[in-house]
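Trainee: Could we go through this model together? I'd like to ask how the terms get decided.

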Amino acid sequence: MTRKDITVAYLARVEGEGGLSIKIRDGAVAEVKLRIFEPPRFFEAFLRGRTFAEAPDITARICGICPVAYQTSAVNAMEHALSVQVPPEITALRRLLFCGEWIESHALHVFFLHAPDFLGYEDAIRMAADHGEVVQRALRMKKLGNEIMRIIGGREVHPVNFRVGGFYKAPARRDLAALAPELEWAYGCAVDAIPWAAGLTFPDFEQPYEFVALRNPDRYAIENGRLVSSRGIDAAVNDYLQWFNEEHVEHSNALHSVVSGRGPYHVGPLARFNLSFDQLPSPLQDAARAAGLVPPCLNPFKSLVVRVVELAYACGEALRLIRDYCPPDPPAVDCRPRGSTGHGWSEAPRGVLYHRYRLDDTGHIQDAKIVPPTAQNLRMMEADLRAFVAPRVDMPVDRLTWECEQAVRNYDPCISCATHFLKLDIQREG
Amino acid sequence: MTVIIGIGNDFRGDDAVGLIVARAVRARAPDGVAVHESHGDGTTLLDLWTGVDRVIVVDAMRSGCSPGTVVRFDGLDEGRWPDGSPGALASSHAFGVLEAIELGRRLGLVPASLVVYGIEGASFDAGAPLSPHVMATIPAVVDQIVAEMGRQFGARDSALKDRPA
């Protein structure tokens, strides 16, 4: 048997600690493992015994990039448990805050974390010397996202204004209106970046994905929806666990999710784009088509272009929501505890984020379950790597390693979320 | 304009020291000096210091010195930073002080003067109090920063030479 080992110590530009090992034996991929050694964080355990009202602030601490997604999924689940309906003004304000998080997260991933892969730089700092304007624009967009978070959420990270039933305080119309000029700039900037992103060179690679994302009848899904897939899933939130299974694997401190009886699936921007392209405003559909991006897009590397489209969408949607803003009065709906189980989800920047809570009669949490997007994508990432490496086993080691790292970053994995995940170790034989 | 930026996390043991120093300095800061508390997000740091004449950053550090050791140095002096190279952007979440300075330098988004006070921590455990060595060093660091604020500002002046605090 011939064998060759490739080892990379640490996979950069992802959040959290994990590694990747690929073994190639006699010219074939023998094993692909995403090893997640970031320690488990036990959030589900220490939610037990806390009150329903504490869940949004506790779970927000799972992630510094997508706290609004955690808060939204938590309040959706709690409001489901307590049979609370919030008025459309509160939903709209949540969606606006969520747009801020998408802007922040996508701007950072596209321009800081993923673009260096395609432009041939080790990181954004080195990229900045040659592409200063791109980096400056990204910084300005991220700052805008932060500003939306600050005005609505009370601070830039881990917002404090979010509660079950609504908000503690509704922001003033004039404070939100002040964001409009910068959002108009950001929208134009993101639309202009679509052909730029589409012009990058992407590896020739497609996968027969089952895409899974939320979908709404009337708007691109962000803060809620039904769950749909490209292979026929159409589920209400309380049916989530009937469709999906979490499996423990020895090499990972994060669970792997699969579609029960079927296998891995793909959540995130590419899934949303493919399943809800028709709900993007027509100028953005046209801009995507003009850049050669049409559903179904099966090349995960092009998720970068999709993120730019979603970045533009989030800016445009935020503008619309600010224009139509009507401060919710009162800012929150009264919520009374009762014994019940609630399910909630939302579209975090990295994909569907599911929460389930079982409450006792006094509203204390008896049991919590949180399924973050990265855990749902882990098995798919391994499948991508296996399929990606197979026809490339003769590629020079350095090049292959570099492209495998990119393949992982397609998912913008958040290992910290997944362990509520990367070092790279490719072994090649043959 | 002078800006003081204390960086840290109140809930992670000695990591809180930058914030605690900033709060004490704020109480004694003259007009024209802005004091900010930050959790250390690099993009926010770039915003806080771009266009500013003089910036003093206070942060906990983990360099292998004995706990409570205070190091004061010119943040714009490349040779002063660990291994002298730009830090890899290793994480979407941890774009910190070093990365902000390196990126700012390439983009022309650094202040005219940037002094860094690093205070060696002993424990960064969640929920831990400040360790005694770090606690003991706070008054002297505050006094030194207040004295520095009062000095006539001169960009990259001789006071920026490294010296133990």
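Predicted model: local features only at pLDDT ≥ 70, side-chain atom pairs only at ≥ 80, totals over all residues.

Trainee: What makes a residue in chain B count as buried?

Mentor: A residue is buried if 20 or more other C-beta atoms lie within 10 Å of its own, exposed if 12 or fewer, and partly exposed in between, with C-beta atoms placed from the backbone. In chain B, 42% of the 165 residues are buried.

Trainee: And what makes a set of residues a nonpolar core?

Mentor: They must be buried Ala, Val, Leu, Ile, Met, Phe, Trp, Tyr or Cys residues, joined through C-beta atoms within 7 Å. The largest such core has 168 residues, and A:Met78, A:Ile103 and A:Cys315 are among those with the most contacts inside it. Helix H4 (residues 88-119) of chain A gives the largest share, 15 residues.

Trainee: Which residues does A:Ile103 touch?

Mentor: Contact is when two C-beta atoms, placed from the backbone, lie within 7 Å. Leaving out residues up to four places away in sequence, A:Ile103 touches several, including A:Met141, A:Ala186 and A:Cys315.

Trainee: How do you know that the span of helix H8 of chain A agrees with what it should be?

Mentor: The expected span is 1.5 Å times one less than the number of residues. Helix H8 (residues 180-198) has 19 residues, so it should span 27 Å, and its end C-alpha atoms are 27 Å apart, which agrees. Its buried residues include A:Leu183, A:Ala186 and A:Tyr187, and H4 and helix H12 (303-323) of chain A are among what covers them.

Trainee: Why are S11 and S13 of chain A said to stand at the edges?

Mentor: Strands pair if DSSP finds at least two bridges between them. The order in this open sheet is S11-S12-S13, with antiparallel pairing. S11 (340-348) and S13 (365-371) of chain A each have a single partner strand, so one side of each is left without a neighbour in the sheet.

Trainee: How many bridges join those pairs?

Mentor: S11(A) and strand S12 (residues 351-359) of chain A have nine bridges, and six join S12(A) to S13(A). A:His343 stands opposite A:Arg356 in S12(A), and A:Leu359 stands opposite A:Ile365 in S13(A). S12(A) and S13(A) form a hairpin with five residues between them, and A:Gly363 in the turn has a positive phi of about 85°.

Trainee: What about the sheet S6-S7-S8 of chain A?

Mentor: That one is open and antiparallel too, with three strands. S6(A) and strand S7 (residues 226-229) of chain A have four bridges, and A:Leu214 stands opposite A:Leu227 in S7(A).

Notes:
Residues numbered from 1 in each chain as written. Chains lettered and ligands numbered in written order. Helix = DSSP H or I, 4+ residues; strand = E, 2+ residues; numbered from the N terminus.
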